[in-house]
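Subject: Structure handover and findings

Dear colleague,

I am passing on the structure below, together with some notes on what was found in it. Please read the notes with the model open beside them.

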Amino acid sequence: MTSFPHDFLWGAATSAYQIEGSPLADGADPSNWHLFAHEPGRIAGGETGDIACDHYRRWPEDIRIMSELGLRAYRFSLSWSRILPQGTGPVNARGLDFYEGLVDALLAAGIQPVPTLFHWDLPAALDERGGWTNRDSAGWFADYADVVFRRLGDRIRRWTTINEPWVIVDAGFVHGVHPPGLTDLNLAAHASHNLLRAHGQAVTCYRAQADGEIGIVINLEPKDPASDTEADLAATRRADAYMNRQYLDPLFLGRYPGELAEVFGPGRPEFPAEDFALIGVPMDFLGLNYYTRSVNRYDPEAPPVFAAQVRQPGAEYSDMGWEVHPESLVRSLVWLKERYGDRPIYITENGGAFPDPEPDDQGRVADPRRREYLRLHLLAVREAIDRGVDVRGYFAWSLLDNFEWACGTDKRFGIVRVDPITRDRTVKDSGWYYRDVIAGDGDILDQEALE
């Protein structure tokens, strides 16, 4: 196998609500996640993002850690409600100042900032106006993007628009476990479409004033049938269309997959043809978040795709209940190239939630399962590159143990431990391993797994 290219972009990723804390500081207004997390029973352990990793106050320390790890890039998200407290209208200068200071410090440290405009935390004021179900949301997003691009676009060369639209819709509008906490398939269809329109509007806005690179981030989960029965095969096709092709097909093929008619039923709305030209406006790269695959069987009690996941005997699973399956990362990357053409791809998230011990007497946090997860998945990325896929970078999820949405802080993805009481940082063994991977552009990946 070849080594990774010397210009390969090695990074780590976070998101605003998961790490920043201080959600109402310096003129910010509430996001939908701030309000949702404060509703009793919504979050495991009754936790909120009020403190999270306290990154809003401790970001200089976090940049020092990034430098120690040799990161070449840092993917983070911007809090829309810090910058435009009401979602539209007056700009909160202090909110923009925070991100400008972060960006300038990253650049001074030789770390490329890779911001995501939207990673799930919508200004609560816009939620009250229908949020992503309101067709005007695409315009709201473009206006917000314009504010950000005008302030920071001269220093940042690579942007992503929206993180994982499928999760926003499935968790927020179908199963109701994320804000806005709805279970309405018709509204879900509108929200999906408007998120894609918002992406297209933001790309168009960016093209009008900057010449860097911009893309979207899609989470991809390959679907395999539990058997070769027609029921299981059909369930698997629906699951794939709903999670994967619902977003990729409009972006690159100009249409929705036909199986969505089975998922959403006869009430699924029709959308104007001109919307697909906006959705498909050319972008510079695709961001791919990959964690697992799923094996599916038909289940009439599991709407909307009527497929249930089947746990595989002998397989390893993370704390999230996700199968560790690096082979499917190779398959996903090759499939993207074959179905949608040869285009630049960044692995914008990949990582594993595993239980970690307390630091030992020397302050060491031994996390061999996470280290091995990273090693195997980076080998998978290298294999895909050897097979002709244009993968240009990798961002480990996550830099820090953080607020893992409805799971609270119980699920730990970080390559850096964050003490749940003091918020003190400790680089885990996986973090030091990743440092060594970066330093040698992946040369150490062929070493045998740790016992």
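How many helices and strands are there in the protein chain? There are 15 helices and 13 strands, where helices (H or I, at least four residues) and strands (E, at least two) are DSSP runs numbered from the N terminus. The radius of gyration, taken over C-alpha atoms, is 21 Å, close to the 22 Å that the globule rule gives for 451 residues, so the chain is as compact as a globular protein of that length; the rule itself is 2.2 Å times the number of residues to the power 0.38.

Before going further, please keep in mind that this is a predicted model, in which local features need pLDDT of at least 70 and side-chain atom pairs count only at pLDDT 80 or more, while totals for chains, interfaces and linings use all residues. Residues are numbered from 1 along each chain as its sequence is written, and side-chain values use heavy atoms, with hydrogens and water left out.

The chain as a whole

Taken along the principal axes, the C-alpha atoms fill a box of roughly 60 × 55 × 45 Å. Buried residues make up 60% of the 451 residues, where buried means under 20% relative accessible area, exposed over 50%, and partly exposed in between (1.4 Å probe, protein chains only). The accessible surface comes to about 16,800 Å², of which 50% belongs to carbon and sulfur atoms; these areas come from the Shrake-Rupley method with a 1.4 Å probe, and for residues only the protein chains shown count as cover. Among contacts (heavy atoms within 4.5 Å) between residues at least 6 apart in sequence, 76% join residues at least 24 apart. The chain has 45 positive and 69 negative side chains, and the centres of the two sets lie 2 Å apart; in that count Lys and Arg are positive and Asp and Glu negative, with His and the chain ends not counted, and each charge is placed at NZ of Lys, CZ of Arg, CG of Asp or CD of Glu.

Helix α8 (165-174) is mostly covered, since ten of its ten residues are buried; among them are W166, D170 and F173. What covers these residues includes β3 (112-118), β4, α9, β5 (213-219) and α10. Within α8, G172 has a relative accessibility of 0% and therefore counts as buried. Leaving aside its neighbours within four places in sequence, G172 is in contact with V167, H178, P179, P180, G181 and L182, and its C-alpha atom is separated by 9.7 Å from that of A191, 19 residues apart along the chain.

Just after α8, G176 takes a positive phi of about 70°. In the loop between α8 and α9 (185-207) lies P180, which a cis peptide bond with omega of about 10° joins to P179.

For the 14 residues of α13 (residues 327-340), 1.5 Å a residue gives a span of 20 Å, and the end C-alpha atoms are 20 Å apart, which agrees; the expected span is 1.5 Å times one less than the number of residues. The buried residues of α13 include L329, V330, L333 and Y340, and their cover includes α10 (230-253), β7 (285-289), β10 (345-349), α14 (368-386) and β11 (391-397). Just after α13, G341 takes a positive phi of about 95°.

Other places to look at

A cis peptide bond with omega of about 5° joins W397 and S398, and S398 is found in the loop between β11 and β12 (416-418). F306, in the loop between β8 (294-298) and β9 (307-309), has a positive phi near 55° and, at 29% relative accessibility, counts as partly exposed. In strand β6 (residues 223-225), D224 is buried, with a relative accessible area of 15%. Its contacts, leaving aside neighbours within four places in sequence, are T236, R293, S294, V295, N296 and R331.

With best wishes
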